[in-house]
Amino acid sequence: MHTEPSSTTHDTHATEATHAHIHPAPEGFVRKYVFSLDHKVIGFQYFFTGMLIMLIAGAFAILMRTQLTSPTGAIMDHNTYNEMFTMHGTAMVWLVTIPLVTGAIGNFVMPLQIGARDVAFPWLNMISFWIFPVAAVILFSSMLFGGPHAGWTEYPPISLADGTAGALWCAAIFTIGISSTLTGMNFMTTIIKMRAPGMTWTRMPLFVWATFATALMNMFATVALSVATGALFLEHVFKIPWYDPSRGGSPVLFEHMFWFYSHPAVYIFIIPAFGIVSEILPVFARKPIFGYKMIAFSSMAISLLAFTVWAHHMFPSGLAPWLQLPFMILTYAIGIPTGIKMFSWIATLWGGRIHFTSPMLYAMGFLITFSFGGITGIFLASVPVDLHLHGTYFVVGHFHYVVAGGTFMGFLASIPFWYPKATGRMLDERLSLLGFWLFFIGLNGTFFPMHWLGIEGMPRRYASYTAFAAQNPDAVFWNRFETAFAFFMAASIALLVFNLIWSLKHGKIAGINPWGARTLEWTISSPPPYYNFKEIPIVSGGPYDFEKPLPYKNTDNEIEEFPEYGKVLMPTPVLAGSGA
Amino acid sequence: MAQRIARAPNIVRVQGLGPGFWPATTLLLLLCIANSLYWLFGNIDWLLPSSSQPFSDRVYDIDGLFKFMAVFGGDIMIIVTGYVIYFCIAFRARASDPPDTVGVPIHDQPKLEFWWTVLPTILLVILTALSINVWHKIQFGVTSPGLTMEVVGHQFYFEYRYPGLKGTTTEAHLPIGVPVRILITSADVIHQWWVPELRLKMAAVPGLVQNLNFTPLRAGNFIVTCSEFCGVNHSQMQGKVVIEPVAAFNTWLDAQKTAAAAASIPIKLSGGNVAAGQAKFHQICSACHHDPPTPFDQKLVGPGLLHITDDPQHPTLVTGKPPTPQNIAWILQNGFTGSIGTMPNRQANGLSAQDIANLVAYLTSLK
Amino acid sequence: MAASTLAREGHAAVAARYNAVDSVYWETRDIRLCGFVLVLLSDCILFSSFIFAYVYLRTSAPTWPPFVGGHQLPWFDTSYASLNSVILFGSGVTMHFALENWKHLHKAKFNAWLVVTIILGIGFLLGQAHEWAGVLGEGITWPGSTWGASFFTLTGLHGFHVFVGACFLTVLGIQANRGVYTGSKYLGLTCGTLYWHFVDVVWVALFSIFYLW
């Protein structure tokens, strides 16, 4: 957006208001890097911890896929496999996905995009981060007690057999829930109260809208999860009868309480990715996002509707038949705002000048894989069809397409995009591009055949599938096919980790704005100083006004043309197909 | 301080809707038509088992919905993927562009947005209506069932009860052409009874009875597989479902009733003799179980019975019940069919009531 | 940052800074009040979730109160609880008076009403403890039935909130007397009053579902 240099506009309010006050620099290693109050450092901490746990949970996934290369189970017994899928799911949902997209990217980018110095409650932000490794330790320690076995959903009564491990699982989820709730409150307050002067709601970047919608869900839904798992913990430890039917409890009660959170949770995963894609497409198509107001409005509509559809996870499970109807209708309804976004993103590409950088390829890959995942979701929304597909590999395929092909693709897009801002260096572009193709191909190869397997009759959470393989001779081939492609994804992540570390020392120096983008984070140095903006900017335009020229201040307070536009860092426009 | 303001960037001009837009759109439309025709008229048995020759009345309706969604889902995927690829080609940045080239700065197009909101909404409304129709048939279609069967889920087998049958069976038989109501519950944890070819699935929830209604159409043998995680042997929890003509079904049911009547003779466990039990074990049971008895995992045909009452790895019997003398006697009397195999019942083994008492005494004396 | 400066510089310095630059105070107040209200809203979800669990268990049970060991458990004593409720609601009224007096700079009256509020709150807790003893005596235990599970969990959670509130109000009273708040700048007191009224509102819900239903 067009920002006035503060030498020509002097606003007392802007410079003396609390959030504009520059506090003294933190001193000492502990204050700077361990118990930092700086949202950027906290973002790094979430990133590092989340990636570490992702490697562990991903390794479990590779072990699971290896197990399924043989219908009798290739490498482990049933108990161990059950533990693997439980830990994989639990860790990926709560200790990888949410911390990475909300804690890491949200924390780092959102305050910069609204022209703030930090979030509303930096101390709470720090506490919210430190709760995260504690929760991780609690979760993984459950494996020392035999581990939880009943899947990331840990339904009672079967999960009550998990004993100490089950209680630890509950404690870990409860703990991480506190972090989510506090972060949600923090982000909501920041966005409501701390935007730079002139940044009205309709001048906010779409990633900020996405963060707001996500924070709303984080804040209000997570408490319900804390209650569901807290009650389960009480049942494990103190034998309080909430869910055990032999003592008056109800297993279906757990399902209601669990899914009341866990459905908004999946929107908590995806909406930040929607925001990331909304940021990246305009920059590399060199034109404004199409349908800004509708995309912003639909994010809010999704975040509210998200609270009304939870029982579609329970269609065969003990829901009264008359209740199935409204949930089916609302689940269809929530497809409409999502569709609007998809069409708006595609229209953003129309009439553009598309540069095939790695963030752009990830963002466009997202359009395809997330669409497919959304469509299989429509299948599952229909009660009669869901009565065939529930609990099968079709569901596994569906949610991996939307989480891995949606959220994770968005996350992978955001890394080469914002890494230059965070570190001052570019990621190696060729490695990023190779990583994209490995991931895209691996994802489709691993999860596409799952839909067929599920429809044909292979249930999920099966450590071995001898009966199904006897009926369907192709089952073994497709399971092995999926396992092979899973290794492509593993290779992509390995490349990414290497790239992240290597580029810290050897990446090309990034300027202030290597991509020629128009949002506020690209007007300050890379990496930004701890106080972000020397003077809080005053905003007078929208975040995607590519048709206006790009004045910005370099560190000497001079306004100059974007000097490196079109040269090495903003890659020379190339013809399609030459792979950049 | 120097203040140089940059000149306005070079905005591209687009002819019409883009180079090759209409040929590309035509191609995509043709692909959509091909996709629709395939799903509507093609044979999709490779995907939906026995779709073209349904075994139950639900298959036609559920598969019809599925095909409808596949038509539109496939068409949407073709359009999304097609336009993304086309736009990448038509609107790619060219090497000859001046460095500050930007795309057409349109922010919105209300008419277009209106249509792409309204049309999918109409589509979803149609889909909702179709789904409600099928939902209603499935939930409320069978008003007066000809047969009511009860299913009880256990770890790790399903148990079936029929009207007039005193005992239970572990194999489900159903008659062709008779509307069936299935009442499902569980004795322990949540299970899910799923017969893929019949498109039948319902959860077995402890403390709740749910129902499932359908009419079998053709004869066949099917596998029912548990599709809700229920414990360590969840993946091995399968059973048999047989659909057969009414006459054959009645014959089978009568045979079950006779067997049940014969199986339930009173047994006095207090009079059991350990030595006699050991002799009977050697005579009959050693055909399938190791003699002298071995730990569980040293199987012959059936598991080793040395630690039948005190094995920490297997704290329950194969029936899922605690290893009390009564429960051991039950297995000897009724036999057992489950994932671990089949054990013949009392008559098949040629055991008398006293034999059972002796065997129980012997087995419980093992340590 | 605020916590550490408080420790280092003391209340007087913090108050001085609050009063020095008005715009700094009002913006901080705005942000903090927004955050506090959001936290109270999420606390509503906390209680709502447990209330949902209780309502679900009660409406899906074949009989209520449930049978334990062959005997049907008794209902709770509404009249005793009504008395206790009056004490709690009364403390809400007294808190309102306390805040009004602060706004009009009647410090002594503020102190008096605040102390009464805290005493009434503690009185409520003691009344609860007495009721719990009675309920346990009648055979309704925490792990014994869904009736006990819901009752003790919800009233216990609420009682915990009352206890935290009493501590909160005590700290506020100390801070007010040390001169941290002025006649126009008293965010802490506003938050404390909001929290105390919130606790009352939750009690209205709990009273209705355990004693009136």
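## How the chains meet

Chains B and C do not touch, and their nearest C-alpha atoms are 10 Å apart. Here, two residues are in contact if their C-beta atoms, placed from the backbone, lie within 7 Å. Two pairs of chains are in contact, and of these, chains A and B share the most contacts.

Before going further, a word on the source: this is a predicted model, in which local features need pLDDT of at least 70 and side-chain atom pairs count only at pLDDT 80 or more, while totals for chains, interfaces and linings use all residues. Residues are numbered from 1 along each chain as its sequence is written, and chains are lettered from A and ligands numbered from 1 in the order in which they are written.

## The A–B and A–C interfaces

Between chains A and B, 91 residues of chain A are in contact with 87 residues of chain B. On chain A, the side that touches chain B has 55 nonpolar, 27 polar and nine charged residues. For these classes, Ala, Val, Leu, Ile, Met, Phe, Trp, Tyr, Cys and Pro count as nonpolar, Asp, Glu, Lys and Arg as charged, and the others, Gly among them, as polar.

Chain C meets chain A as well: 29 residues of chain C are in contact with 35 residues of chain A. On the chain C side, the elements that give two or more residues are α2 (22-60) and α5 (146-177) of chain C. Of these, α2(C) gives the most, with 19 residues. Sorted by class, this side of chain C holds 19 nonpolar, eight polar and two charged residues. Helices (H or I, at least four residues) and strands (E, at least two) are DSSP runs, numbered from the N terminus.

## Chain C by itself

Chain C has six helices and two strands, and along the sequence they follow the pattern α-α-β-β-α-α-α-α. Taken along the principal axes, its C-alpha atoms fill a box of roughly 70 × 30 × 25 Å.

How much of chain C is buried? Buried residues make up 31% of its 213 residues. A residue is buried if 20 or more other C-beta atoms lie within 10 Å of its own, exposed if 12 or fewer, and partly exposed in between, with C-beta atoms placed from the backbone. Among the contacts in chain C with a separation of 6 or more, 76% are between residues 24 or more positions apart.

## Domains and a sheet in chain B

The domain assignment of chain B gives domain 1 (10-105), domain 2 (147-263) and domain 3 (269-365); such bounds come from an automatic or database domain assignment. The C-alpha centres of domain 2 and domain 3 of chain B lie 26 Å apart, and 14 residues of domain 2 of chain B are in contact with nine residues of domain 3 of chain B. The side of domain 2 of chain B that touches domain 3 of chain B has five nonpolar, seven polar and two charged residues.

Chain B also has an open sheet of five strands, in the order β5-β11-β10-β7-β8, with mixed pairing. Two strands pair if DSSP finds at least two bridges between them. The edge strands are β5 (171-175) and β8 (200-204) of chain B, and each pairs on one side only. Within the sheet, β10 (residues 220-226) and β11 (residues 238-244) of chain B pair in the antiparallel sense over six bridges. B:Phe222 has B:Val241 in β11(B) as its bridge partner.

## Backbone details worth a look

Where are the cis peptide bonds to look at? One joins A:Pro156 and A:Pro157, with omega about 0°, and A:Pro157 sits in the loop between α5 (122-141) and α6 (163-193) of chain A. Another runs from B:Gln155 to B:Phe156, with omega near 10°; B:Phe156 lies in the loop between β3 (147-154) and β4 (157-161) of chain B.

A:Lys239 is not a glycine, yet has a positive phi of about 60°. A:Lys239 is in the loop between α7 (206-238) and α8 (251-285) of chain A, and counts as partly exposed because it has 14 C-beta neighbours inside 10 Å. B:Ser50 is not a glycine either, and has a positive phi of about 55°. B:Ser50 is in the loop between α1 (21-41) and α2 (57-90) of chain B, and with 18 C-beta neighbours inside 10 Å, B:Ser50 counts as partly exposed.
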